[in-house]
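Please take a moment to look over the sequence and the model before reading on.

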Amino acid sequence: MLANSASGMAVDDKCKLKFLELKAKRNYRFIVFKIEEKMQQVTIEKLGQPEESYDDFTASLPANECRYAVYDFDFTTNENCQKSKIFFIAWSPDTSRVRSKMLYASSKDRFKRELDGIQVELQATDPSEMSLDIVKARAI
């Protein structure tokens, strides 16, 4: 049953629209997505403003619930070039419900395909697995 419900997971058009704005216009620093289980749909929970920091981003992920997120990470390469990479983060804390973890895990690839332009994927079950140091290391 879970596989069927997951493959039928709808993606709110706003998810794609806002992702395109983040990618093309850099209107947002990050987007947090939530699966509305009753509606079987992925929706936007939070849009992070361009001036918000990585700490603001991690603070907007709930401690005990799964989420998907994208984060536009600016960094300087070893050659001193300014670059940015779009991270897809699958947040699945150990303390979240098993059903929720399964739902997020089984819907992830399909949802990620809807967002064209993701460069790095990160999976985290606790905050230490998505520290800024890890993100920097994955970006370069």
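**From one residue to the whole chain**

Glu121 is found in strand β6, which covers residues 120-124. Here helices (H or I, at least four residues) and strands (E, at least two) are DSSP runs, numbered from the N terminus. The model is a predicted one, in which local features need pLDDT of at least 70 and side-chain atom pairs count only at pLDDT 80 or more, while totals for chains, interfaces and linings use all residues. Residues are numbered from 1 along each chain as its sequence is written, and side-chain values use heavy atoms, with hydrogens and water left out.

The side chain of Glu121 makes a polar contact with the side chain of Lys108 at 2.6 Å, and another with the side chain of Gln123 at 3.1 Å. A polar contact is a pair of N or O atoms within 3.5 Å; within protein, one must be able to donate a hydrogen and the other to accept it, and residues adjacent in sequence count only if both atoms are side-chain atoms. Which residues does Glu121 contact, once its neighbours within four places in sequence are left aside? They are Phe88, Lys108, Lys112 and Arg138, where contact means heavy atoms within 4.5 Å.

An open sheet of six strands has the order β1-β3-β2-β4-β5-β6, and its pairing is mixed. Two strands pair if DSSP finds at least two bridges between them. Why is one side of β1 and of β6 left without a neighbour in the sheet? These two strands stand at the edges and each has a single partner strand, so one side of each has no neighbour there. Helix α2 packs on the sheet and touches β1, β2, β3, β4 and β5. The direction of α2 makes about 35 degrees with that of β3; axes are lines fitted to C-alpha atoms, for helices over the stretch in contact, and angles run from 0 to 180 degrees between N-to-C directions.

Strand β3 (residues 41-48) shows both kinds of pairing. Strand β1 (residues 10-11) runs parallel to β3 and is joined to it by two bridges, with Val42 in β3 as the bridge partner of Val11. Strand β2 (residues 30-36) runs antiparallel to β3, and seven bridges join them. In this pairing, Phe33 has Ile44 as its partner in β3, and Ile35 has Val42. Strands β2 and β3 form a hairpin with four residues between them. Gln40 lies in the loop between β2 and β3, and has a positive phi of about 55 degrees although it is not a glycine. Asn80, in the loop between β4 and β5, also has a positive phi, of about 70 degrees, and is likewise not a glycine.

How exposed is Asn80? Its relative accessibility is 64%, so Asn80 counts as exposed. Buried means under 20% relative accessible area, exposed over 50%, and partly exposed in between (1.4 Å probe, protein chains only). Ser100, in helix α4, is buried, with a relative accessible area of 6%. Apart from neighbours within four places in sequence, Ser100 is in contact with Glu37 and Cys66.

The interior can be described through its nonpolar cores, each a set of buried Ala, Val, Leu, Ile, Met, Phe, Trp, Tyr and Cys residues joined through side-chain atoms within 4.5 Å. The largest has 20 residues, and those with the most contacts inside it are Phe33, Val42, Tyr68, Val70 and Phe111. At least two residues of this core come from each of α2 (13-24), β2, β4 (67-76), β5 (82-91) and α4 (98-114). A second, separate core of 18 residues includes Leu61, Ala69, Trp91 and Val135. Val42, not counting residues up to four places away in sequence, touches several residues, among them Met9, Cys15, Tyr68 and Phe111.

Finally, consider the chain as a whole. It has five helices and six strands, and from the N terminus on its elements run α-β-α-β-β-α-β-β-α-β-α. Buried residues make up 42% of the 140 residues. Of the contacts with a separation of 6 or more, 62% are between residues 24 or more positions apart. The C-alpha atoms fill a box of roughly 50 × 30 × 20 Å, taken along the principal axes. With 140 residues, a compact globule would have a radius of gyration near 14 Å, and the 15 Å of the chain agrees with this; the radius is taken over C-alpha atoms, and the globule rule is 2.2 Å times the number of residues to the power 0.38.
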